[in-house]
Amino acid sequence: MRVNWNYIKGLILLGLVAFLYAFSSQRNAAKKVSYFDVKFLGENNLFITHDSVNKLLIQNNETLVNVPKDILDLNELESKISSHPMIEKAEVYLTVNGEVRVEVAQRKPLARVISEPSFYIDSRGEIMPLSPEHSARVILVYGDVDASNLEAVNELLQYIAQDEFLKLYVTEIIVNEEQQFSLAMRTYDFEVVVGTTKDLDKKMNNFKAFYQKAKKDKMLDLYKSVNLQFKNQVVCTKK
């Protein structure tokens, strides 16, 4: 009976590869974390410090450095960091050199509600606490804002944030007792009465057309109120 040496060599080679892979994996898992780095994505104004994120990374009251790689739970670390009220999401990964890299995306506030206590409304339309580290320059919202009208407030904020003209000029949103909205402008002191968010696109297009015409005629300083609640027209009250 002839021995198939090619077959035997193949089996030996396969066994050797499996052994080296298992040995390498075991050694790699036994390696310890040599370094960790936290990187904030996006803008430089931080609502949370690097030290605060570092504390969230601490396991069993010890630093991540010199912790064996095989006991690290990256998903748990991501969940722990993402649970912070200033953070929208986090990604934690290991490099081949045994370094832990952390990428953090902060929540983005669109407006600050002036109340007791004050708070932000973020880009997802959710309530976000103020930060002791940084105060965002955003639209101010006056009046009662709670779960009953948060969706409508966010709808108006999102509309403003996506419109270059409104984003440049609107500085305040006022919510009255009837849950109607008014806007304050950066340059002029007249009140823009929006009412509800129904037909918001038509209302804002009417307002922008009025604004351009009144600015051209140099009449913007004459008004104390610009009402957008009437269909297909803008009703103004002079000072």
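The conversation below covers the fold, the pockets and the aromatic residues.

Student: What kind of model is this?
Tutor: It is a predicted model.

Student: How many helices and strands are there in the chain?
Tutor: The chain holds six helices and twelve strands.

Student: And what percentage of the residues counts as buried?
Tutor: Of the 239 residues of the chain, 36% are buried. The accessible surface of the chain is about 15,100 Å², and carbon and sulfur atoms account for 51% of that surface.

Student: What about contacts between residues at least 6 apart in sequence: what percentage joins residues at least 24 apart?
Tutor: Among those contacts, the figure is 50%.

Student: What is the lining of the largest pocket like by class?
Tutor: It has eleven nonpolar, three polar and five charged residues.

Student: And the second largest pocket, what is its volume?
Tutor: The volume of the second largest pocket is about 170 Å³. Its lining residues include T196, K198, D199, L228 and F230. By class, that lining has two nonpolar, four polar and five charged residues.

Student: Changing topic: how many aromatic pairs does a search of the whole structure find?
Tutor: The search finds ten aromatic pairs. One of them joins Y188 and Y211 in an edge-to-face arrangement, with 6.2 Å from centre to centre and 70° between the planes.

Student: Why does that pair tie together parts that are 23 residues apart in sequence?
Tutor: Y188 lies in the loop between β9 (181-185) and β10 (191-195), whereas Y211 belongs to helix α6 (residues 200-216), so the pair links these two parts.

Student: Y188 first: buried or exposed?
Tutor: Y188 counts as buried because its relative accessibility is 18%, and the cut-off for buried is under 20%.

Student: And Y211, buried or exposed?
Tutor: Y211 is buried as well, with a relative accessible area of 2%.

Student: Which residues form the aromatic cluster?
Tutor: F165, Y169, Y188, F190, F207, F210, Y211 and Y223 form one aromatic cluster. Both members of the edge-to-face pair, Y188 and Y211, are thus found in that cluster.

Methods. Residues numbered from 1 in each chain as written. Predicted model: local features only at pLDDT ≥ 70, side-chain atom pairs only at ≥ 80, totals over all residues. Heavy atoms only, no water. Helix = DSSP H or I, 4+ residues; strand = E, 2+ residues; numbered from the N terminus. Buried < 20%, exposed > 50% of the residue type's maximum accessible area, 1.4 Å probe, protein only. Contact = heavy atoms within 4.5 Å. Areas by Shrake-Rupley, 256 points an atom, 1.4 Å probe, with all protein chains shown as cover. Nonpolar A, V, L, I, M, F, W, Y, C, P; charged D, E, K, R; others polar. 1 Å grid on protein atoms, 1.4 Å probe; cavity = no way out; pocket = protein on both sides within 12 Å on 5 of 7 lines; lining within 4 Å. Points joined across faces, edges and corners; volume = space filled by probe spheres on them. Phe/Tyr/Trp six-rings, centres within 6.5 Å; stacked < 30°, edge-to-face > 60°.
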